[in-house]
Amino acid sequence: MRRRTSGRTTGRRSVGTGALVAAAVSVLVTGCGIRTTSVPVDAGAAPSRVPCSVAGEASSGSVTRGVPVRVFLVCGSQLEAVERRTLLPEDKAGGDAVRTATGLLAQLLTEPSDDERQAGFTTAVRGPLVVGGGRKGDPAGTLRLSRQPEDLAPVALSQLVCTFAESSVGAGDHTVLLGGPGLYAPKRYACTTELRERPESAPPTAGPSGP
């Protein structure tokens, strides 16, 4: 009988001890914050945005002198203007539209410099791609690419449109007359605020332009 009493007492003590342990674990779990709570958890600072700006004027390769030009590169999913210098002779910069456009296209085809990459700039324009003047019957100021504009990647075309439209080769009013190698008439592409903010969209056009 004593042994049975002792056994029942030990069992009650074991049960009591187990309950205490379970309660202690519950308190610890609750104290550690494992339970769902509406209080926001600080996960650290949010990732910083790329600066999208280069200190001073950027240069293409080792070019440190020449004509200052402005091209549009991609940064933060938008188009941003970058100042560069080219070896284009200064007396040709504003007089020969095709030569100026060729120099601008070369800048867009060139990979961004180290400073530009660190600032977050990239380019979507890829070769082979050349630009020339219009053909007979085209409106004055027309530029024709070696590929049909609509066949280019939307971001690449947006870069070309804004770079040309905002330069001396533009057709005025932030537009450029642009065509391809085919028999299609050139179109007047516009560099708008919306296009600079969403370069993946198709550049707006005014349709075929007359002389």
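Modeller: Two strands pair if DSSP finds at least two bridges between them; strands (E, at least two residues) and helices (H or I, at least four) are DSSP runs, numbered from the N terminus. This model is predicted: local features need pLDDT of at least 70, side-chain atom pairs count only at pLDDT 80 or more, and totals for chains, interfaces and linings use all residues. Residues are numbered from 1 along each chain as its sequence is written, and side-chain values use heavy atoms, leaving out hydrogens and water.

Biologist: Okay, which residue in S2 stands opposite valine 71?

Modeller: Start with the strands: S1 covers residues 67-75 and S2 covers residues 78-86. They run antiparallel, paired over nine bridges. Opposite valine 71, you'll find in S2 valine 82.

Biologist: And which residue in the hairpin's turn has a positive phi?

Modeller: S1 and S2 make up that hairpin, with two residues between them. The phi is about 60 degrees, and the turn residue that has it is glycine 76.

Biologist: Now arginine 196: is it buried, partly exposed or exposed?

Modeller: Arginine 196 sits in helix H5, residues 193-197. Buried means under 20% relative accessible area, exposed over 50%, and partly exposed in between (1.4 Å probe, protein chains only). Arginine 196 has 25%, so it counts as partly exposed.

Biologist: How far is arginine 196 from phenylalanine 72 in space?

Modeller: Leaving aside residues up to four places away in sequence, arginine 196 touches several residues (heavy atoms within 4.5 Å), among them Phe72, Gln78 and Leu79. Arginine 196 and phenylalanine 72 are 124 residues apart in sequence. C-alpha to C-alpha, their distance in space is 8.9 Å.

Biologist: Zooming out, what share of the chain's residues counts as buried?

Modeller: The chain has five helices and seven strands. Of its 211 residues, the buried share is 32%.
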